[in-house]
Amino acid sequence: STYVRKPPYFDGMPRNPKPVTDISGARVLAILGDSVTTDHISPAGNIKADSPAGKYLAAHGVDRTDFNSYGSRRGNHEVMIRGTFANIRLKNLLLDGVEGGFTRNFLNNGEPESIFDASTAYQNAGVPLVILAGKEYGSGSSRDWAAKGTALLGVRAVVAESFERIHRSNLIGMGVLPLQFHDGENATSLGLTGTEEFAISGIVELNEGKTPTQVRVTADGKSFTAKVRIDTPGEADYFRHGGIMQYVLRSLL
């Protein structure tokens, strides 16, 4: 079926969670401004023929007239991943004067590609991804696919000036680390262009039963600390397990 597919959330999941690891060799999937909403992030609207989701459906023999909407196909993660960060009004500051679901693939000399295609290349190469964002990241309605799609694209961390409360929690529930710039700092003030290779260290404290208050972020020659926005012991448990679904399943075994 092109409407329902088994998602990969539990693929290869061991009985006990693996230790939390620091992040190294990461690349930036997107640099986003202020007030990026879950509507910008989450798949929504009708599926266009020239979009990654449209091409996927066409390749699976679906006629253009039967593409339908992302909402109708929310049971197929392959469609929904391809629609994440694909909003036509999204502005990824890695690109000048371009709107929509595009980024630069630094495995391909920084050439412009769809966010989905670049994500696939990064994941195939074992390269983790980060997102840099401004204030009120994830504001608006609580849309579960805004966090699910982010995780399935291979994003390990989001570094923002501030988060909307529910989306921050949803990111943790999908195993994505929310980090916050210190007051007065942002990607621009720190001289981050998004072309750097990122490393985030200090997350491993979670393996000792502690939640670090901040971590060290290095981006080529630049270095700064960021607040860890895992705000409760329960959220720390979810993150150690790789997400809330893995936590719940293990608690039932």
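The side chains of arginine 143 and aspartate 39 meet in a salt bridge, 2.5 Å from N to O; the term means a side-chain nitrogen of Lys or Arg within 4 Å of a carboxyl oxygen of Asp or Glu. This pair links distant parts of the chain, 104 residues apart: arginine 143 sits in the loop between strand S4 (129–132) and helix H5 (144–152), and aspartate 39 in helix H1 (residues 38–41). Helices (H or I, at least four residues) and strands (E, at least two) are DSSP runs, numbered from the N terminus.

Arginine 143 is partly exposed at 34% relative accessibility, and aspartate 39 is partly exposed at 37%. Here buried means under 20% relative accessible area, exposed over 50%, and partly exposed in between (1.4 Å probe, protein chains only).

## About the model

This is a predicted model, where local features need pLDDT of at least 70 and side-chain atom pairs count only at pLDDT 80 or more, while totals for chains, interfaces and linings use all residues. Residues are numbered from 1 along each chain as its sequence is written, and side-chain values use heavy atoms, leaving out hydrogens and water.

Glutamate 196 forms a salt bridge with lysine 222, with the closest N and O atoms 2.7 Å apart. Glutamate 196 lies in the loop between S6 and S7, and lysine 222 in strand S9, 26 residues apart. Glutamate 196 is buried at 2%, whereas lysine 222 is partly exposed at 29%.

Arg168, Arg229, Asp231 and Glu235 are linked in a network of salt bridges. The whole structure holds 13 salt bridges.
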